[in-house]
Amino acid sequence: MSTAELLDYDEVLTRFDPVLGLEVHVELSTHTKMFCGCPTVFGGEPNTQVCPTCLGLPGSLPVVNEIAVESAIRIGLALNCEIAEWCRFARKNYFYPDMPKNFQTSQYDEPIAFNGWLDVTLDDGEVVRVAIERAHMEEDTGKSLHVGGATGRIHGAEHSLLDYNRAGVPLIEIVTKTIEGTGARAPEVARAYVATLRDLLKALDVSDVRMDQGSLRCDANVSLMPKGATEFGTRTETKNVNSLRSVERAVRHEMTRQAAILVDGGSILQETRHFEEASGTTRAGRRKETSEDYRYFPEPDLVPIAPSREWVEKLRGTLPEMPAERRKRIQAEWSLTDLELRDLINAGAVDLVAATVAAGSSPAEARSWWVSYLSQQANNRGVELSELDITPAQVARVIALVAEGALTNKLAREVVDGVLAGEGEPDEVVDKRGLKVVSDDSALYAAVDEALASQPDVAGKIREGKVAAAGAIVGAVMKATKGQADAKRVRELVLERCGA
Amino acid sequence: MTELTRLDAADIAAKVQAREVSAVEVAQAHLDRIEAVDRTVHAFLHVDTERALQAAKAVDEDVAAGRPPASPLAGVPLALKDVLTMQGAPTTCGSKMLEGWQPPYDATVTQRLLAAGVVILGKTNMDEFAMGSSTENSAYGVTRNPWDLDRIPGGSGGGSSAALAAFEAPLAIGTDTGGSIRQPGSVTGTVGVKPTYGTVSRYGLVAFSSSLDQAGPCARTVLDAALLHEVIAGHDPLDSTSIDAPVPPVVAAAREGATGDLAGVRVGVVTELGGDGYQPGVLSAFNAAVEQLRALGAEIVEVSCPSFLLALPAYYLIAPSEASSNLARFDAMRYGLRVGDDGTRSAEEVMSLTRAAGFGAEVKRRIMLGTYALSAGYYDAYYGSAQKVRTLIMRDFDAAFSKVDVLVSPTTPTTAFRIGERTDDPMAMYRADLCTIPSNLAGNAALSVPCGLSDDDGLPVGLQIMSPALQDHRGYRVAAAYEVARNAAQGGPLITRVPELEVAH
């Protein structure tokens, strides 16, 4: 391959149509693994969450986790899939050190859910319907840490460390049908699809959906076909795409990379590629030209799964309000414009605002706090809005204090700062920092008199009826009380003292 | 040889409970016998003297304290095939690949035996990963047939069958994937039972072919086999293919059969399992057994099961296919043998070198066969077709069992062959399982009971009795009736005619 150049994005689109296929792996948040009773908690000491079965010891046997099947069916239903009346697990055979049995127990031609769709709303409100090919159950592998060598890959490593805590964690693989006709918006569609899927899975409460921890992983298949062509081009599969933004960048990068090669007369290698977060590029991984033969066959250690229609319907009844419908409802209830709703969604604030409203605040106040001041704080700290150390209930309390007149907006922000700094509940912060509005008139009279005495010219003007001059005295009083006075009340007192 | 090692399991258990003999004395007698003859027979890969005596002592303490026995086999010694895990002892599966491997958990069968107060003497030799019909494929040397030390004891469970015939143990556990309990039983003049698939847990049974493997009892009498059957069988939530159904009443059936009445029982002789290719002495012993059953009141009919002729080729696609996947885990990464890990080689190279060094020729042959049969483009023609044959065989069984209660055939086409006779001819070796394989493919119950000595070579012949799934008791009833009649007609149990072994001093 001669060139690593990228073709200009607009140029790509004048010549080619992109075709996408997205595979998303979701780690289920079941307490135990897919085929044994080991815990699934993330981050344990290596090899402490293992047993004969998930280590694949000779003689061990798998037993299906019923909760995982239930989750798979609920995901299938939420994705508008058909649920198989009878399906089986299959063995996918290949050798790799982090796979204890050297086969993965998965599903092959008989997935539990198939033929569905998911509506995806883009940033400008356009809705794209993504067809779902299948959702199937499988087990995760262990993790390899390759030590030494340049690339952190198994080839060239001095030695490798293996952690089997993750081996056997239940996974659902959700595969789209090919996504065509999205043109320039292909990268955005890819991101929006994964984002929508993530919200859906979160609403279903079946997974942590933490891309940074690998509980939601996306493989992006991208190919280009020349405008007017009817046959798909050769695809690449980009793995290791660990954030929503990366999904978009990876697809875009692959489009421009592939286009450069095609325009140059070259051809695309069917291969897996790895996304490099730092550079936003992809690099070649395993060649897939000679497609690996996994020698699938039905798993003889397990019996078929035949979910009764009654069970499926019962599970359908447990589906929560879907995120898209919920947003429509919220938009109506809170009287939001499309733009306001999108801001709310993009800020990741929908759930937080809803919870704040549930704690007694008005939608407008709640939205204002989360979208402006708190979003700013999250930005400053480089964390997600939901990761801020303040709860919707605490925000609601601050809003209530303002409404009671106990805090000014400026003081309220200080109280929030205190909560974020770990100083306790809003009321405690008010006490500790002494942020109560000064509402004792006798204290204010003294401050007003002092200000009038120190600025006799101004006092004279006010007494002459030039009421506008009162601003300077109010400012001096506010300064003297460190902003804790109610400016409106101060003004009334100034005018009263001057007999104006 | 002390008399204690000649006793049946049921007698031993009764004497222990009656305090006529202690379980420790019984265990010690068998350990002494092993010490004396196993250098010649080589039935055991591992003998656990200390724990056997401890287990026996616990039984004696129960008896002394007047506690009821843990099971009808409390205090009876047993030889465990080395394919089932037992904590504190190595499990090798007859392979270099697992030399010295100490499993951290007990197989369900092992657990049940221990809970029943059965005294496990040790682990028995076998063809590597249960692949073979002669125990010659063990990486730890051949086991010899006590009837003729130059002959094979059957396989893969030749260690278990030889231990019984050499009076090293009154009970043994085998596993039967294509006949590995029944064929060794047949050629050593002992009883071997493959229970209905799914009735004995496979948890802790190192898999050869998951959809075919089934552990079962080996003994010198039908009643002993039945008693052991009831100890090891039963639903196990750790094995998803375990059937949640009551254990068939095999002990009651064995006792009922021993009354010697088979009136009203319909016995089908399978046309396809006999004739050309069968040793004449085997056929004459088999025919005599059928006549004996008729004399006991059974109605004898001939039944054709044409698809049984396809069983052997189908088996040699399905079993190796599953084996190629089951044995993939032996890769030097986590346990067992590791070859070539000198710091210069990749994990892949170490895997490859280890598998090349650790597996024997027959295991490699079957891994290659199975890998090929599952390959893209060949799957439908091989694995897929074999599964269809499997369905046809089930249908033949269903049709046959709609007409008869049990089916009978010789257990294996010949008596024990000479050590080395078939090692260079895999097809000849595979033919040893011709009659036993159909019941593995269909999953139904089948057993082998001694039916006399072949008149051409004086070696034991086995009668196979096949029953429908979960109707294991039918076979026991017929076998027990036949056993009583044959003993009466031939002047005592066949096993008493096994030659005396030279005893080491």
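Predicted model: local features only at pLDDT ≥ 70, side-chain atom pairs only at ≥ 80, totals over all residues.
Two packed helices are described by the angle between their axes and the distance between the axes. In chain A, the axes of helix α13 (residues 441-454) and helix α16 (residues 487-497) cross at roughly 60° and come within 10 Å. α13(A) is therefore oblique to α16(A). The crossing of these two helices, α13(A) and α16(A), is right-handed. From α13(A), the residues D441(A), L444(A), Y445(A), V448(A), D449(A) and L452(A) take part, and they meet R489(A), V490(A), L493(A), V494(A) and R497(A) of α16(A). Seven of the residues in the contact of α13(A) with α16(A) are nonpolar and four are charged, with no polar residue.

C498(A) is placed in the segment after α16 of chain A. Because 22 other C-beta atoms lie within 10 Å, C498(A) is buried. When residues up to four places away in sequence are not counted, C498(A) touches A459(A), I462(A) and R463(A). The C-alpha atoms of C498(A) and N65(A) are separated by 81 Å, and these residues are 433 residues apart along the chain.

The largest nonpolar core consists of 171 residues, and L78(B) and V119(B) have the most contacts inside it. Nine residues of this core come from helix α2 (residues 23-41) of chain B, which gives the most to it. Leaving aside neighbours within four places in sequence, V119(B) is in contact with A23(B), A27(B), A52(B), A55(B), A56(B), G75(B), V76(B), P77(B) and L78(B). Another core, of 69 residues, lies apart from the largest one and includes L7(A), L57(A), A68(A) and A259(A).

The contact between the chains takes 34 residues from chain B and 27 residues from chain A. On the side of chain A that touches chain B, 17 residues are nonpolar, five are polar and five are charged.

Most residues other than glycine have a negative phi, and most peptide bonds are trans. The peptide bond from G155(B) to S156(B) is cis, with omega near 10°. S156(B) is in the loop between β3 (119-124) and α5 (158-165) of chain B. D205(A), which is not a glycine, has a positive phi of about 60°. This residue, D205(A), is found in the loop between α3 (186-204) and β10 (216-226) of chain A. D205(A) counts as exposed because it has 12 C-beta neighbours inside 10 Å. A332(B) is likewise not a glycine and has a positive phi of about 75°. The loop between α10 (311-326) and α11 (347-358) of chain B holds A332(B). With 22 C-beta neighbours inside 10 Å, A332(B) counts as buried.

Terms used. Residues numbered from 1 in each chain as written. Chains lettered and ligands numbered in written order. Axes fitted to C-alpha atoms, helices over the stretch in contact; angles between N-to-C directions. Helix = DSSP H or I, 4+ residues; strand = E, 2+ residues; numbered from the N terminus. Parallel < 35°, antiparallel > 145°, perpendicular 65-115°, else oblique. Left-handed = near helix turned anticlockwise from the far one by under 90°. Contact = placed C-beta atoms within 7 Å. Nonpolar A, V, L, I, M, F, W, Y, C, P; charged D, E, K, R; others polar. Core = buried A, V, L, I, M, F, W, Y, C linked by C-beta atoms within 7 Å. Buried ≥ 20, exposed ≤ 12 C-beta atoms within 10 Å, placed from the backbone.
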